[in-house]
Every structure is written in structure tokens, then in C-alpha cells.
Amino acid sequence: MIREDEGKYIINTYGRHAETTPLLVHGRGTRVYDDKGKEYLDFVGGLAVNSLGHCHPAVAQAAKKQLDKLIHTSNLYYTEPQVELARCLVKNTGTARAFFCNSGAEANEAAIKIARKYAKLKSEAQRYEIITAHDSFHGRTMATLTATGQEKFHKGYEPLLPGFRYAKFNDLDSFHAQVGEETCAVMIEPVQGEGGVHVARHDFVKGLRRLCDEQGMLLIFDEVQCGLGRTGKFLAAEHYGVKADIVTLAKALGGGLPIGAMLCVADVAETFSPGDHASTFGGNPVACAAAIAVLTELLKENFLSDAKLRGDYLREGLASLQKLFPEMIKEVRGLGLILGVELEGDGLAVQRGCAERGLLINCIAGRILRFLPPLNVEQSEIDRALAILEKVLGQSAGN
Ligand SMILES: *Cc1c(COP(=O)(O)O)cnc(C)c1O
């Protein structure tokens, strides 16, 4: 009934398949279970949302406690969880202030708006252009869709928002060439997620910071996917020793509850005054209480360094599979626990084969397998995932 009715009542934007897509009913840690009681190892992790695994007790507890206390008030009033969360985020990112919203796209919308307004206040010239990277992903609203440097997402929605230019990721000269009188900011993901798991090079990120400083432009890091411990550091930016002027977060922030944040350095934060931007649900007390619990776990001693070790372990395992199936695996790449395996052939078949054997992984662009397990995934779970993947690849190789 659920499968049939999904096909009947839900607008078809996700391409779920009645025969092959699991119907998930409950989960714990790295494991989720479907309606028939079948267990899966979840290496999709809600697309980088479930960083602490499913239903982490501390997160569930914090949300439940807040549900009985105060679920929502308008942002006209103070609430404790919102301010406490802002304090924690600001302290751990070297920024000055936060704006809360409900998703990654909204966080990036806020970043785009504040960058434009900042430029307007700071300079005489008309500066509103933002340079983003090819293969980037910044969201699905009209502005963030336009910011997204992938044509396939633009098709059918023209005219797009004016004021965006695209440059080649990891190519400083290409960014340099796009800078004009109107440019006010550069926005990148330090690790591109949706676009195929591409890690920014050190000289590129450092060079962008220098370029922005020279030209009086803001540097925006979209860490919606790669932030909050995913790469083994609180922010992916820490790997580069580079500080952005604006950082956006969302996915993992609420442990599964919807929340996004835009963080700014002091100078930029002052751009917005009352009435300049708002969100009814932004900074909702329940989502914030859950987020505080998430951050408390992430900031526990050794949590992030352990995540990095687990990432290294998974990566080594994937590299071994590449040695085993050199004709099938083109490249293994990533940082920490955001890892991609680029295949020579069809990735969807591998994704399906893995699901049949109890492993959920995500295939992007038709042939890149993306791994986003919880940051606290156990070594034995990684071993099992690798064994399943080896079987599936072996079977495909045999065909
Ligand atoms: C997922 C994602 C977004 C969009 O987040 P939503 O919560 O789906 O709006 C933006 N940027 C990056 C890097 C993402 O991975």
C-alpha cells in the first residue's frame, strides 16, 4: 500500500522504485530496518545527516525533553537553546555570529543575500556577482540553484537569477579570470559532495583566500555537507588553515532534525539589521536542542580524530578493492568519512546489488559511489560493508 500510494500521491522527484527501494521503518546506530525486518548497514547516512547514526540516544533525549518544554515561539522572543547553540557554533568555527534557518539551501540563500548587501554597504560600485565552481551544489531554491554550477539542475527553470559566474574547481586561474568590477564573493564547497566527491587542493583554497583579500571580496564556504566532522575536523576549512568570511552548515547539524546555520565573521554579521532577513522556524527550540546534543558528542575528546581514523580505514579498504578490480574502479577519493569511488561502468547496478545484500550506499552521476557512514561507525561495520561491496563487484566482474 505504501509503495503504491507513494507512486500515486507523492510528486515523483526522487525516482523511488517499488521493487528495489527499501521501505525503512526504524534504525539504530549504523543499522536501519525495512518493513520486512531486513537489516541494512547504512552508509548513506541520510546523505550526511545522520553523523551520529540513527536515533542517537543523546539527541533523541534532548529533543524529547525540549518537546515537553517549549516546541516553538516566534523569533520575536529569546529562547535558551538557540543562543546556546549559536555560542557553541561561533566558538568552534572562529566566526562571530549565527543566523538560523531550516536547510542547506536556506543557509546559502542567507549567505548570498548578506554578501550582496555587504558589498552594497561597503562600496560605491554595483557589486553583486558571486563566482561558484563547476560541479558545485548549493541547493534547489532559485538563487542556490543558480549558484549550483551544474547545467542539469538549471534546465527548465530559466531565466536564472542574474549575478552568478562559474569557474573551474581547483583552478585558481579560472576563478581569477571570472573576477570583474561586479564581483562581491566567491563561494565553494571545500569538498564537493553532490558533484562527485572532489576535494579542494591546498594551494587552491589558500589562493582563493588571497584573491578575495586582494579584491575586497568575501569568501563563502558551503560546508553543508563536508562540515561538522565529516572530514575529521569540525570544519573542513581547518584542513587548509583558511578562514572563510561566511560558513554555511545544515545537514548533520540537527542529528536528523531540520536546521541550517549561516555563520559570519564580525564585520559581515553587522550587515543585517532587524527586518533584513528572517525565518519563521529558524532556530526552532527543538531543532536547536538536538543540535546542541550533536555538537556535544562531536566535541568529545578524540571523537573527530577517531572519525578521521575510520575514514582512513574505509579508504584503505576501498583502495584495496581498486587493486582487486582495477578494470572496474577508476579512482578512490575523499577526505575523512566523505568518500567516493568512481567506477568505469554502471554504479546504479552496484548500488542495487549492495542494497540486496544489506548495504546502503548512494550512487551519484551514474557511476560514482558515495560513502557517508556515521562518524562513529564501527570498524567491524566497515569490514562488513567492504565485504559486501567486494562480493557485488566480483559478481559484476564475472558477468
Ligand atoms: C545538500 C546540500 C545543500 C542543500 O541542502 P538542503 O538542506 O537540501 O537544502 C547545499 N549545499 C551542499 C554542499 C549540500 O550538500
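Leu47 has a positive phi of about 60°, although it is not a glycine. This is a predicted model, where local features need pLDDT of at least 70, side-chain atom pairs count only at pLDDT 80 or more, and totals for chains, interfaces and linings use all residues. Residues are numbered from 1 along each chain as its sequence is written, and side-chain values use heavy atoms, with hydrogens and water left out.

**Another backbone spot**
- Glu158 and Pro159 are joined by a cis peptide bond, with omega at about 0°.
- You'll find Pro159 in the loop between helix H7 (151-154) and strand S6 (164-167).

**How the domains meet**
- In domain 1, 25 residues are in contact with 26 residues of domain 2 (contact means heavy atoms within 4.5 Å).
- One salt bridge is counted between domain 1 and domain 2 (a side-chain nitrogen of Lys or Arg within 4 Å of a carboxyl oxygen of Asp or Glu).
- Arg370 pairs with Glu194 in a salt bridge, and their closest N and O atoms are 3.3 Å apart.

**Helix against helix**
- Helix H4 (residues 80-93) packs with helix H11 (residues 285-298) at an angle of about 35°, and their axes are 8 Å apart (axes are lines fitted to C-alpha atoms over the stretch in contact, and angles run from 0 to 180 degrees between N-to-C directions).
- Residues of H4 that meet H11 include Leu85, Cys88 and Leu89, while Ala289, Ile292 and Leu295 are among those on the H11 side.

Note on methods
Helices (H or I, at least four residues) and strands (E, at least two) are DSSP runs, numbered from the N terminus.
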